[in-house]
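Subject: Structure handover and findings

Hello,

I am passing on the structure we discussed, with notes on what was found in it. Please read the notes with the structure open.

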Amino acid sequence: MRERVRLMGCDIDNLTMEETLGVIEGFIASGKPHQHVVVNVDKLVKASKDPALAEIINQCALVNVDGMPVVWASKLLGKPLKERVAGVDLFEALMQRSAQRHWRVFLLGAKEEVVSKVKELYECKYPGLQVVGYRNGYWSVNDESQVVEQITAAKADLLFVAISSPKKEQFLSTHQASMKIPFAMGVGGTFDVAVGKVNRAPVWMQKTGFEWFYRFLQEPRRMFRRYFIDDMQFLPMLLKELLARQRR
C-alpha cells in the first residue's frame with residue numbers, strides 16, 4: 001500500500017526512485033491509462049492559485065516530488081518524504097527500461113529539431129528502444145484533436161510530454177483516458193537537457209537544493225520572474241502550514 005503525504009494542498013506519493021519504477025511497471029502491465037506528475041516549488045505555488053490544477057495533481061495515479069526544498073519542507077512539517085525523484089532521472093531510467101522490456105515510447109513536446117534529436121540519441125544509446133512516434137510541442141487548439149489521434153494510433157506504452165505547466169497537466173487530464181496509454185508523464189525541459197541545449201547542474205548543487213540557481217544562471221532573463229518572484233511565495237505558504245501544525 002503506497003503512502004501519500006499531503007503538503008500544501010497536494011498529495012504526494014512517498015516513494016524512492018526504485019519504488020516508483022516498480023509502480024510504473026505495474027501500470028504498464030495493467031494496460032490501463034495512468035497519469036504521472038512531479039511536484040516542485042513552482043508546481044505547488046501554481047496549484048495554490050489554481051484549484052483546477054490542484055485537482056488534476058491529486059487525481060494523478062502517481063505523484064513524485066522533484067525538488068529538494070519540498071523534501072526539506074516535508075521534514076519540517078513532520079511528513080518526511082523518502083527522497084527526491086527528479087523527472088529528468090526518471091525519464092532516463094524509463095527510457096533504459098523501455099529498451100530492456102520492449103515498451104513502446106512516444107515523445108511529445110519541445111521544438112521539432114529537439115524532439116527528433118532526442119529520438120535519434122536514445123535509439124543509439126539504448127539499442128532496441130522503440131520510439132513509435134514523436135511530435136513537437138507547438139499546436140493550436142484546432143490541431144489538438146489531430147495530436148491526440150496521432151498519439152492514440154501509435155499505441156505506445158509510455159508517453160513523455162515536454163511542454164510547459166500547467167498545459168501538459170491539462171492536456172493529459174483531458175485526453176489520457178481516450179489515448180489509452182498505460183503511463184503518461186510530463187517531463188518539462190527534460191528534452192532540452194537530453195540534447196545538451198540546457199546543461200544540468202553539478203551533482204553537489206542538485207543535492208544541496210541549488211539546481212534552480214544553476215538554471216537561473218543559464219537563462220537569467222527568462223527565469224528571473226519564476227525563481228525570484230513567483231516561487232518566493234512558497235515561503236509564506238510553508239510558514240502558514242508550520243503555524244497550522246503548531247496550533248494542532
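This is a predicted model: local features need pLDDT of at least 70, side-chain atom pairs count only at pLDDT 80 or more; totals for chains, interfaces and linings use all residues.

Strand β7 (residues 158-162) pairs in the parallel sense with strand β5 (residues 104-109), over five bridges. Within this pairing, phenylalanine 106 has leucine 159 of β7 as its bridge partner, and glycine 109 stands opposite alanine 162. β7 also pairs with strand β8 (residues 183-186), again in the parallel sense, and here there are four bridges. Leucine 159 has alanine 184 as its bridge partner in β8.

How much of β7 is buried? Five of its five residues are, so the strand is largely enclosed by the rest of the structure. Leu158, Phe160 and Ala162 point one way from β7, while Leu159 and Val161 point the other way. The residues on both sides are buried.

Next, the charged side chains. Side chains of opposite charge can pair when their charged atoms come close. The model holds 22 salt bridges. One of them joins lysine 43 to glutamate 169, with an N to O distance of 3.0 Å. This pair links distant parts of the chain, since lysine 43 belongs to helix α2 (residues 41-49) and glutamate 169 to helix α8 (residues 167-179), 126 residues apart. Are the two partners buried or exposed? Lysine 43 has a relative accessibility of 4%, which is under the 20% cut-off, so it counts as buried. Glutamate 169 has a relative accessible area of 3% and is therefore buried as well.

Glutamate 169 also meets lysine 168 in a salt bridge, at 3.9 Å from N to O. Lysine 168 has a relative accessibility of 8% and counts as buried.

A further salt bridge is formed by lysine 125 and glutamate 92, whose closest N and O atoms are 2.6 Å apart. This pair, too, links distant parts of the chain: lysine 125 lies in helix α6 (residues 112-125) and glutamate 92 in helix α5 (residues 87-101), 33 residues apart. Lysine 125 is partly exposed, with a relative accessible area of 47%. Glutamate 92, at 22% relative accessibility, also counts as partly exposed.

Some of the charged residues are linked beyond a pair. Asp66, Arg84, Asp89, Arg200 and Glu211 are connected in a network of salt bridges.

On the surface there is a nonpolar patch made of Phe210, Phe213, Leu217, Phe224, Phe228 and Ile229. Together these residues have about 530 Å² of accessible area. Which helices supply at least two residues each to the patch? They are α11 (211-218) and α12 (220-230). The largest share, three residues, comes from α12. Leucine 217 is found in α11.

Last, the cysteines. A disulfide is a covalent bond between the sulfur atoms of two cysteines. The count of disulfides in this model is zero. Cysteine 10 is buried, at 1% relative accessibility. Cysteine 124 counts as exposed, because its relative accessibility is 62% and the cut-off is over 50%.

Regards

Definitions and conventions. Residues are numbered from 1 along each chain as its sequence is written. Side-chain values use heavy atoms; hydrogens and water are left out. A disulfide is a pair of cysteine sulfur atoms within 2.5 Å. Buried means under 20% relative accessible area, exposed over 50%, partly exposed in between (1.4 Å probe, protein chains only). Patches are made of residues with over 30% relative accessible area and no salt bridge: like charges are joined within 9 Å, nonpolar side chains (Val, Leu, Ile, Met, Phe, Trp, Tyr) within 5 Å. Accessible areas come from the Shrake-Rupley method with a 1.4 Å probe; for residues, only the protein chains shown count as cover. A salt bridge is a side-chain nitrogen of Lys or Arg within 4 Å of a carboxyl oxygen of Asp or Glu. Two strands pair if DSSP finds at least two bridges between them.
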